[in-house]
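This report describes a two-chain model for a reader who has the sequence and coordinates at hand. Please consult both alongside the sections below.

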Amino acid sequence: MLSVLPRIGSGLIALLVVTSLQAATPTLVVYTYDSFTSDWGPGPRVKAAFEANCNCKLDLVGLSDGVAMLNRLKLEGAGSRADILLGIDTNITADARASGLFEAHGLTLQDSALPQSWQDDLFLPYDFGYFAFVYNRERVTNPPTSLRQLVEDDNGPTLLIQDPRTSTPGLGLLLWMKKVFGEDSDQAWERLSKRIVTVSKGWSEAYGLFLKGEADMVLSYTTSPAYHIIAEQDSRYAAAAFTEGHYQQIEVAGLVRGSQQKQLAREFLEFMISAEFQQIIPTTNWMYPVIAGKSLLPAEFDQLIDPAPALLLDERQVAAERKRWVDEWLEVMSR
Amino acid sequence: MSRAVPAALVLAILALLVLGPMLALFHLGDIPGYAASDLRFWENAYLRRVLFFSLWQASLSTLLAVVPAILVARAFAMQGQLPLRNLLLRLFALPLVVPAVVAVMSIVSVYGSSGWLPLGRSLYGINGILIAHVFFNLPLAVRLLLPQWQAIPQHHWQLSEQLGMNAWQRWRFIEWPMLREALPGVLLLVFMLCLTSFAVVLTLGGGPRSTTLEVAIYQSLRFDFDPARAALLALLQLGLCMLVALLTLKMQRLPEVEITLSTPARPSTSLHKWVDIGLIVAATLFVGMPLLSMLIDALGGPVVRVISDANLWRALASTLLIGLTAALLSVCAGWWLLRYSASLAYAGRRARARLIDLAGSIVYVVPPLVIGTGMFVLLSPRVDVFDWVYPIVIAINALMGLPFVIRCLGPAMRQNHARYHRLCLTLGLTGWNRFRFVEWPLLRRPLGLAIGLVAVLAMGDLGVIALFGSTQTSTLALMIYQQLGAYLVPQATVTALLLLLLCLGVFALLERLIGGKTVVAG
């Protein structure tokens, strides 16, 4: 039985050698999350568009999420096959920066659609979005208009949220509460917790439960209703606009220092911030493109709320305080 | 001695696959940006709470799943002529493969606020966790316990009739002694499954109050990226299970084995018959309702769009490949281990025999994420891991299936050895001939169950493939998660139904091919 494993392995290697001999063209390896590579994600269209002009092969390797990608790169160190990491967000860029595994991309973001100016020589954004509580208009007729109101109205809507230890939106809400309530966020969480139906592992579970009607509101993105409008012609869902503003998520890519094909990698990054790539984003990743231009967004996006002002904590502060904040949150929520 | 060699080989591979990766994680010092944390976790109030909660929910879930399972298995054993019996028993192998997130949705369809039996918000908390764990494990325990009744010698029943025993006395003197061989192992297996439960506990548990050790391990390895701490917590979990294993094994008694025919179906009074049927109906409803809600959701979904996707069929093919190969490997490894432990038990060295079974049973509690990451650390400097994704996924799934093989095959192999070893020696039957004439005919039924269970378990597995990364959607379970992560809930439900149908088909086929025609009949 032991001898079977290497045989399968060497079989696969042989197969790979054969295919790589056939293709003398260079291969660019991009680590990303698997919802990017899936059939309904941006992956297939991005691959086709880039390969049409690059005279290369683009390998999009799907890992479970941004954290997994970064951990994987750290474990592989200098021996990694990855040329680009695409899909980490500003909550872990400080950590990625400290790893020393990335190198300057040398590009500037022209015509930025981001609400803030972008100066980062290591990481280049490719899309962004805002966290929001999404509800069904038929069920919630009078949604809260601020995070403070959501917290303080004890008869307010019931909620489904995600765990900050396992989920990006979950961590986003934790930082949002910190940004709005500062040192009083503990009391705010305690008050809010009475209306939290459950805290799920990931976004999918919470959103699935919400669609089944398990709570009035779910933590998601301001762009979530656009999916229902465009893909399902269903305009019942809306995101509640909060006067304090909405916490922002910016997704970025970085060039791996150990890459053997930096020229090609830079070409990909340039492609990433071009209109051709950017127009794929809104209806596949359901996020906002990072470059301005009305034509990039489907008309239905006009029906979405205005999330301004964008809230974002400094990446260094997040890196330094995240663990303590999560521990505090665990303490409050476990009472 | 020839039995000891393959067994030792399997044990060595086990140790290598389990301990190797953990050691690798302990020795990860030179990762950039990694600072080893303080490992004195026992001083941490959070971890103490996590530990307590893990044990509490796992113990409670185990009791609530296994005690009713004894009654239901007994009812199935007594009512051998029940219509649809085989179909129901096959259905009972299914909950095991429902991906956790799909199971949560199905349970919410039944017990959620707009469900058939609404529990409202009280579903979220210990209630939801228990419902989900009983849904997963009661049917499994029924399948694992049922063969014990089938092993009861015919003359025991005849004797009980001649002596005019009542139901209680029959239970006490005939059935219970037989059950005591398998019950501790089943308790341990279900306990391990509940202890390592993750998404179910977090999502139905209502919040971080319901955090298990498995979540803490995941947190250490992913969120905090602290491999040494993750390995330590995994060792802690392993140690805990070892303790529980020793406790459950204390109650194990191996019954005397006699050479005899067995026909378990007993004529019973009509009152007993109706009680049995009531139990079976209740268990079927409990297991069937979430499955039925899923079926209804899926049939209302975009069936045609999902099945006309070429990627679905590719994913289906690799799911099959992984499931069948892992099952075959797992059963081979289990066979060699059990063959040796059966001969040890026969020679009177029962303590050592149990220890070997235990080694094979306990691997389940080392989280695949820990094994996978450790393997990655070991392999990535030496080979290109991308080429090894399938072998690694298959190896880890085979490893995770081993406890199921030990449970299904263990008692039967011991009995077979005890009954026929001397006869085989007298007749000079060894090797292939012994397998063909003595072992195969008598063991094919549990063998079919074991191979079927491990295959469906591996087919429903998600963990490892997501960890190693893939350039395409590689398995159905992964596809379901991707669809759910992209708002495609109806599509995901259809895919989940397909996975279930595939599992049902594979399970039925394996049971029929390997187990023979009378698979689950009385």
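Which residues of H14(B) are buried?

## Basis of the report

The model is predicted: local features need pLDDT of at least 70, side-chain atom pairs count only at pLDDT 80 or more, and totals for chains, interfaces and linings use all residues. Residues are numbered from 1 along each chain as its sequence is written, while chains are lettered from A and ligands numbered from 1 in the order in which they are written.

## Helix H14 of chain B

The buried residues of H14(B) are B:Ala353, B:Arg354, B:Ile356, B:Asp357, B:Leu358, B:Gly360, B:Ser361 and B:Ile362. A residue counts as buried if 20 or more other C-beta atoms lie within 10 Å of its own, as exposed if 12 or fewer do, and as partly exposed in between, with C-beta atoms placed from the backbone. These buried residues pack against helix H1 (4–26), helix H7 (167–195), helix H10 (227–250), helix H13 (310–346) and helix H16 (389–427) of chain B.

Helix H14 of chain B covers residues 350–362, and its 13 residues should span 18 Å at 1.5 Å a residue; the end C-alpha atoms are 18 Å apart, which agrees. The expected span is 1.5 Å times one less than the number of residues. Helices (H or I, at least four residues) and strands (E, at least two) are DSSP runs, numbered from the N terminus.

## Overall form of chain B

Chain B contains 20 helices and zero strands. Its C-alpha trace spans about 75 × 55 × 50 Å along the principal axes. For 522 residues, a compact globule would have a radius of gyration near 24 Å, and the 23 Å of chain B agrees with this. The radius is taken over C-alpha atoms, and the globule rule is 2.2 Å times the number of residues to the power 0.38.

Of the 522 residues in chain B, 52% are buried. Two residues are in contact if their C-beta atoms, placed from the backbone, lie within 7 Å. Among contacts in chain B between residues at least 6 apart in sequence, 85% join residues at least 24 apart.

## Domains of chain A

Domain bounds come from an automatic or database domain assignment. For chain A, the assignment gives domain 1 (23–128 + 250–303) and domain 2 (129–248 + 304–333). The centres of domain 1 and domain 2 of chain A, taken over C-alpha atoms, are separated by 26 Å.

Between the two, 18 residues of domain 1 of chain A are in contact with 19 residues of domain 2 of chain A. Helix H5 (residues 93–98) of chain A gives the most to the side of domain 1 that touches domain 2, with three residues. That side of domain 1 divides into nine nonpolar, six polar and three charged residues. Here Ala, Val, Leu, Ile, Met, Phe, Trp, Tyr, Cys and Pro count as nonpolar, Asp, Glu, Lys and Arg as charged, and the others, Gly among them, as polar.

## Strand E6 of chain A

In a regular strand the side chains alternate between the two faces of the sheet. Strand E6 (residues 159–162) of chain A is covered on both faces: A:Leu159 and A:Ile161 on one side, and A:Leu160 and A:Gln162 on the other, are all buried.

Two strands pair if DSSP finds at least two bridges between them. E6(A) pairs with strand E7 (residues 196–200) of chain A in the parallel sense over four bridges, and A:Leu159 stands opposite A:Ile196 in E7(A). E6(A) also runs parallel to strand E8 (residues 217–221) of chain A, joined by two bridges; here A:Leu159 stands opposite A:Met217.

## Interface between the chains

Across the interface, 55 residues of chain A are in contact with 57 residues of chain B. Elements that give two or more residues to the chain A side include helix H1 (4–22), helix H4 (66–76), H5 and E7 of chain A. By class, this side has 25 nonpolar, 17 polar and 13 charged residues.

## Local backbone features of chain A

The peptide bond from A:Ala308 to A:Pro309 is cis, with omega near -5 degrees. A:Pro309 is found in the loop between strand E11 (288–289) and strand E12 (310–311) of chain A.

A:Asn55, a residue other than glycine, has a positive phi near 55 degrees. A:Asn55 is exposed, with 9 other C-beta atoms within 10 Å. A:Gln233, which is not a glycine, has a positive phi of about 50 degrees and is found in the loop between helix H10 (224–232) and strand E9 (237–239) of chain A. A:Gln233 is exposed, with 8 other C-beta atoms within 10 Å.
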